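Student: I am new to this structure. Please take one chain and look at it closely, then show me what it meets.

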Amino acid sequence: MSGFIIRRLIQTVFVLILVTLIVFIVMRFLPGDPILLYLSEDQVRNFTPQQIAEVRHRFGLDNPIMVQYVDWIHGISHGDLGISMSYRIPVWEEVSRRVPITFYLGSIAFVASIIIGIPMGLVAAVRRGKWSDTVATLLANLGITVPVFWLGILMIYLFGLHLRWLPTFGYTSPIDNFWLSARQAIMPVICLSVFAIASSARQTRSAMLEVIQQDYIRTAWAKGLKEQVIIFRHALKNGLIPVVTLKGISLRNIFGGSVLVETVFNVPGMGRLAVDAMMSRDYAIVQGVILIIAVVVCLANLIVDISYGWLDPRIRYG
Amino acid sequence: MAMEETVDGGVDVGAMEMPPRHSEFQRFCSVFFSRWLVIVGLVITVAAILLAVCAPIMSPYDPNKQDLEQRLSQPSREHMLGTDALGRDTLSRIIYGSRASLMVAVGALFVATLIGVVMGLIAGYFGGIVYMFIMRFIDALMAFPPILLALVIAGLLGGGLTNIVLALGVGLIPSFARLMCAQVLSVKENDYVMAAHAMGASNQRIMLLHIVPNSFPPLIVQVSLWVGFAILAEAGLSFLGVGIQPPTAAWGAMVNDGYKYLLTNPVLSFAPGGAIMLVVFGFNMIGDGLRDALDPRLRGKL
């Protein structure tokens with residue numbers, strides 16, 4: 001098992017290096033001269049070519065690409081992600097302020113997808129063809145068709161404007177004012193969770209359906225075991241294996257969804273930061289945000305892979 | 001007479017009729033059309049495609065024609081879904097919006113399938129270091145949320161149809177590459193591949209003539225399952241203002257525009273969102289139906 005873990009670790013390091021390469025290449029090959037973005041209009045017009053070259057040298061942009069990349073990596077490992085132009089503060093400061101918020105909403109959505117989605121799929125698989133299966137499958141199918149931002153607008157309309165039950169936007173930290181924070185967080189969290197719960201339910205259902213048709217389940221029935229024992233002792237562990245691997249991927253979908261949800265509900269999280277920074281061409285922040293998100297997803301996949309190896313012994317020795 | 005005894009126990013085989021054999025296609029059809037939800041999905045999808053293709057004929061007004069005297073009007077007999085802030089007919093914009101959604105979705109999937117299939121093919125066929133490199137690259141690409149990646153790429157390249165298609169396509173590559181690679185790895189073990197190799201067929205020939213055609217069915221299912229996601233992603237991008245540029249009608253952008261008038265004209269936001277849901281639902285149902293019908297374990301049964 002430890003050999004498996006070490007192999008996975010090395011692979012993840014390699015993937016992380018590739019991730020930084022991708023981010024670097026995508027950001028460097030933007031159209032337009034980054035110098036012109038740093039300087040204001042006046043300065044660009046009045047600077048002599050020599051002064052512009054000086055600025056370029058100061059930011060290290062006249063070095064060969066490889067050197068720029070190494071410098072950047074060096075900076076990252078020390079927590080220096082650059083300076084944001086719109087906020088005039090280090091990128092890391094702004095991002096670290098937003099990470100807990102996105103993490104707070106996203107983790108609730110993730111947990112919901114596990115504790116609501118998986119049982120839902122389980123019930124649908126076990127009671128296949130009956131009323132509960134039809135309802136659960138219908139709900140799951142609806143869940144993956146709903147556009148996240150539209151659901152947000154719908155909820156704002158219904159619960160915020162018409163019924164006036166919930167505040168329509170904003171975010172408060174739960175530490176400051178728990179009740180207000182909870183009321184503000186309900187709608188964004190529901191919007192974030194819907195897709196995750198629905199796809200969890202669908203995957204669990206199809207995985208469990210496959211497992212239930214296996215011979216060893218039939219043998220268990222023939223032995224006279226109770227339904228509960230069969231499901232929880234035999235079927236579930238095997239059925240959950242494909243679902244667990246997909247949970248790692250669902251994390252990146254939650255991040256993607258947070259981009260839309262945070263925009264609709266005006267939550268100051270990482271997704272909104274990325275959108276705003278993109279709009280104002282603040283590339284340092286955009287670079288930092290996608291790097292951090294990709295790294296988090298990679299690490300989550302590593303954890304998922306390791307637990308997958310623990311669950312399914314065949315993987316460990318493969 | 002003893003010599004006349006036949007093996008089949010006296011039954012005259014010639015006089016019996018052979019039972020009708022179902023072709024693969026017939027079996028496929030009977031499974032595919034067995035669920036009414038799938039049929040509904042097919043109808044919706046075909047209707048959406050027809051709408052997109054025949055938009056000029058079917059929409060009552062020009063989607064970009066502004067009628068400022070009729071701004072923000074409620075649904076009426078004249079404008080079935082009302083008008084937006086610039087007096088443009090909502091229904092026409094929804095019909096034309098289907099073009100944007102479908103073109104982006106199809107385009108992005110085309111890009112993703114093309115590049116993904118090639119990557120998966122090469123990785124699976126050649127194995128070894130090539131496999132390792134390509135798979136790690138795919139893993140790295142998979143760490144980025146597609147919407148975020150498309151946001152960044154499209155934001156850098158500017159909006160517009162081709163850039164969105166490229167941006168989204170790149171984000172969708174990983175799933176197809178992985179699937180193709182897994183398929184190639186299993187198809188590669190077949191005897192006919194070994195036979196072709198032994199006969200001296202070149203690698204390209206084996207890959208194109210033998211491996212690719214046999215890896216196709218799961219890919220078709222995968223494509224149909226991802227169309228819905230691509231449409232949702234395009235809507236999200238145009239909602240954020242990164243997608244199709246105005247004044248071209250796009251459903252996500254319409255939802256965003258209508259957001260400001262939520263209290264007075266909720267139709268402006270609800271209608272395009274409903275359209276998105278409907279079309280995505282149609283494609284998802286087709287995807288489900290295809291997956292059930294192309295399930296290899298059901299082959300030969302029925």
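Tutor: Helices (H or I, at least four residues) and strands (E, at least two) are DSSP runs, and they are numbered from the N terminus. By that count, chain B has 11 helices and 0 strands. Its pattern along the sequence is therefore written α-α-α-α-α-α-α-α-α-α-α. The overall form is spread out: the radius of gyration of chain B is 26 Å, well over the 19 Å from the globule rule for 302 residues, so chain B is more spread out than a compact globule. That radius is taken over C-alpha atoms, and the globule rule is 2.2 Å times the number of residues to the power 0.38.

Two notes on reading all this. Residues are numbered from 1 along each chain as its sequence is written, while chains are lettered from A and ligands numbered from 1 in the order in which they are written. The model is predicted: local features need pLDDT of at least 70, side-chain atom pairs count only at pLDDT 80 or more, and totals for chains, interfaces and linings use all residues.

Back to chain B. Its C-alpha trace spans about 100 × 55 × 30 Å along the principal axes. Of its 302 residues, 45% are buried. A residue is buried if 20 or more other C-beta atoms lie within 10 Å of its own, exposed if 12 or fewer, and partly exposed in between, with C-beta atoms placed from the backbone. Contacts come next. Two residues are in contact if their C-beta atoms, placed from the backbone, lie within 7 Å. Take the contacts in chain B between residues at least 6 apart in sequence: 70% of them join residues at least 24 apart.

Now one helix of chain B. Helix H9 covers residues 203-240. The expected span of a helix is 1.5 Å times one less than its number of residues. For 38 residues, a straight helix would span 56 Å, but the end C-alpha atoms of H9(B) span only 46 Å. H9(B) also bends by about 50° at Phe216(B), and Pro217(B), a proline, follows within four residues. A bend at a residue is the angle between axes fitted to the seven residues ending there and the seven starting there. After H9(B) comes Gly241(B), with a positive phi near 90°.

What does chain B meet? The contact takes 34 residues from chain B and 35 residues from chain A. On the chain B side, the elements giving two or more residues are H5 (128-142), H6 (146-157), H9, H10 (251-259) and H11 (267-293). H6(B) supplies the largest share, 8 residues. By class, this side of chain B has 26 nonpolar, 6 polar and 2 charged residues. Nonpolar here means Ala, Val, Leu, Ile, Met, Phe, Trp, Tyr, Cys and Pro; charged means Asp, Glu, Lys and Arg; the others, Gly among them, are polar.

Helix H8 of chain A runs over residues 148-162. Its 15 residues should span 21 Å, and its end C-alpha atoms are 20 Å apart, which agrees. H8(A) bends by about 25° at Ile156(A). Buried residues in H8(A) include Val148(A), Phe149(A), Trp150(A) and Leu151(A). Gly152(A), Ile153(A), Leu154(A) and Ile156(A) are buried too. Their cover includes H9 and H11 of chain A, together with H9, H10 and H11 of chain B. So the bent H9(B) returns here, as part of that cover. H8(A) is followed by Arg164(A), whose phi is positive, near 55°.

Chain A also divides into parts. Domain bounds come from an automatic or database domain assignment. That assignment gives domain 1 (2-77) and domain 2 (101-311) of chain A. In chain A, 12 residues of domain 1 are in contact with 12 residues of domain 2. Helix H1 (residues 2-28) of chain A gives the most to the domain 1 side, with 10 residues. That side divides into 9 nonpolar, 2 polar and 1 charged.

One contrast remains. Helix H5 of chain A (residues 65-77) has 13 residues. The number buried is 1, so H5(A) lies largely in the open.
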